[in-house]
Amino acid sequence: MEHLDAELLSLLALGESLGTDTDADHLASCLVCSETLRGLQHAVHIATLDTAGIELEKPGSQNWAAIHQALGLSPTLATDPLTQPSAGPLSHRRSQPRRKRP
Ligand SMILES: [Zn+2]
């Protein structure tokens, strides 16, 4: 079975009404093509999403603790920088010795 052209599926995902009746029949009966189209439509939806009204969730301090531990940072950097907006990691950068990369 020959599936629909990837370019045609991409244009369909963008809302274009292209293709022949044969293409439409194939799309209606082919799980591979319909799943590909659904994935492309999802990508279009995400890429064109209006983020103006979306507020991002602030990460909990356990995230910084895990990053701090994984990177082996200095104990002076243990405090979650998001709990101290004016004293983030950038303010410590010059006072800390650089770690040497292996
Ligand atoms: Zn197909």
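The model is predicted: local features need pLDDT of at least 70, side-chain atom pairs count only at pLDDT 80 or more, and totals for chains, interfaces and linings use all residues. Residues are numbered from 1 along each chain as its sequence is written. The protein chain has four helices and zero strands. Helices (H or I, at least four residues) and strands (E, at least two) are DSSP runs, numbered from the N terminus.

**Whole chain**
- From the N terminus on, the elements run α-α-α-α.
- Of the 102 residues of the protein chain, 4% count as buried.
- A residue is buried if 20 or more other C-beta atoms lie within 10 Å of its own, exposed if 12 or fewer, and partly exposed in between, with C-beta atoms placed from the backbone.
- Among contacts between residues at least 6 apart in sequence, 39% join residues at least 24 apart.
- Two residues are in contact if their C-beta atoms, placed from the backbone, lie within 7 Å.

**Helices H1 and H3**
- The axes of H1 (residues 6–13) and H3 (residues 31–47) come within 8 Å and cross at roughly 50 degrees.
- Axes are lines fitted to C-alpha atoms, for helices over the stretch in contact, and angles run from 0 to 180 degrees between N-to-C directions.
- On the H1 side, Leu9, Ser10, Leu12 and Ala13 make the contact.
- On the H3 side, Cys33, Thr36, Leu37, Leu40, Gln41 and Val44 make the contact.

**Helix H3 itself**
- H3 has 17 residues and reaches 24 Å from its first C-alpha to its last.
- That is close to the 24 Å expected at 1.5 Å a residue, where the expected span is 1.5 Å times one less than the number of residues.
- H3 is hardly covered: one of its 17 residues is buried.

**Leucine 12**
- Leucine 12 lies in helix H1.
- Leucine 12 is buried, with 21 other C-beta atoms within 10 Å.
- Leaving aside neighbours within four places in sequence, leucine 12 is in contact with Leu18 and Leu37.
- Leucine 12 and glutamine 41 are 29 residues apart in sequence and 8.3 Å apart in space, C-alpha to C-alpha.

**Serine 34**
- Serine 34 is in helix H3.
- Serine 34 counts as partly exposed, with 15 C-beta neighbours inside 10 Å.
- The C-alpha atoms of serine 34 and leucine 4 are separated by 9.7 Å, though the two are 30 residues apart along the chain.
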